[in-house]
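Student: Walk me through some of the helix packing here, please.

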Amino acid sequence: MHTRSFRNRDNAKNDDRNVVALQQQQQQQLHRQQSSLRRREEGTPLSVVANAFEELARSIESGSRDLQLAQFSTACSLVSILFGCLGMAFKFAEIEYVAKVQDLLEASKTYNTLENVLDHDLNHDTVRKPGSHSRNLRRVRQGLDLIKALFEQFLSSNGCSLKDAASTAYSQVCAPYHTWAIRKAVFFGMYALPTREQLVVKLNETDDTVQKEMERYIAACNPIIRYIDNLYTSKHITLDW
C-alpha cells in the first residue's frame, strides 16, 4: 500500500517536471520566433547599416553644421558586424575598429559633437596622440572607408572575387598607414576570406538585394567621410596619418 503511494507521488513529480520542461521548451521556441520576427522587421544587417548612415547623411545634407557624436558612434557600431562577416582576414580591423568606436561612444557622454572632440584635443595638443578621441575618430573613419572601398570593388564586376576586392580596398585605404609586418599578415589572411556567394549568405542577402544595400551604404558614406575630412582640414590638420 505504502509502496504504491510512493510510486504515485513519484509519478506525479515526474509529470510535473515534464510539464515544466515542456513549458520551458515552448517559451524558448516562442522567444526564437519573436527574435526572428524582430530581425525580419528590422531588416538585414546590411540594410540596418545603410538606414543608419542614410540618416546621418541626411543630417549633414540638411545643412546641419554639427554632426552629433552619439548618433555617429551608434551608427558606426553597427558596421562591426560587416567586419565580422569577412572572417579572420579582417579580424585585425574588426578588433581595432570596435575598440575605437567604443571609445567614441564613451566620449559622447561628455562631448556633443565631432567638432567638440576635435576642439578639445586641439586645445590640449593631443590630436595625434595614441588613444585620443581625435585619433580614434580618424581610425573609425578609415574603417568606414575600407568597407566602402570593398563594396565598390565587389560591385565593379561579377567576376571580381572577394579576395581581389578586399585586397584592392585594403591597398587603397589602410596599407599606406600599416607596417610591413601588418601588411604581410593581412596579405596571407586574404586567402581565408569567404567567397562572394558565402558573403552574400552571411549578410542574409540575395544577389539582387546585396547590390542595392551596398550601393545605399556607399552613397550615404561619401558625404560622411567628406564631412570628417573637411572637419580636420578646416582646422589645419593634415590627413596623412
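**Helix packing**

Student: At what angle do H2 and H11 cross?
Tutor: The axes (lines fitted to C-alpha atoms over the stretch in contact, angles 0 to 180 degrees between N-to-C directions) of helix H2 (residues 45-61) and H11 cross at roughly 35° and come within 8 Å. Helices here are DSSP runs of H or I, at least four residues, numbered from the N terminus. This is a predicted model, with local features needing pLDDT of at least 70 and side-chain atom pairs counting only at pLDDT 80 or more, while totals for chains, interfaces and linings use all residues. Residues are numbered from 1 along each chain as its sequence is written, and side-chain values use heavy atoms, without hydrogens and water.

Student: Which residues meet there?
Tutor: Among them, Leu46, Val49, Phe53 and Ile60 in H2 meet Met214, Tyr217, Pro223 and Ile224 in H11, with contact meaning heavy atoms within 4.5 Å.

Student: What length should H11 have?
Tutor: H11 (residues 207-233) has 27 residues, so at 1.5 Å a residue it should span 39 Å (1.5 Å times one less than the number of residues). Its end C-alpha atoms are 39 Å apart, which agrees.

Student: Where is the kink in H11?
Tutor: At Cys221, shortly before the proline Pro223, and it is about 25° (the angle between axes fitted to the seven residues ending there and the seven starting there).

Student: New topic. How far apart are the axes of H5 and H7?
Tutor: Helix H5 (residues 91-107) and helix H7 (residues 133-156) have axes 9 Å apart, at about 130°.

Student: What touches?
Tutor: The contact includes Tyr97, Val101 and Leu104 of H5, and Leu137, Val140 and Leu144 of H7.

Notes
Helices (H or I, at least four residues) and strands (E, at least two) are DSSP runs, numbered from the N terminus.
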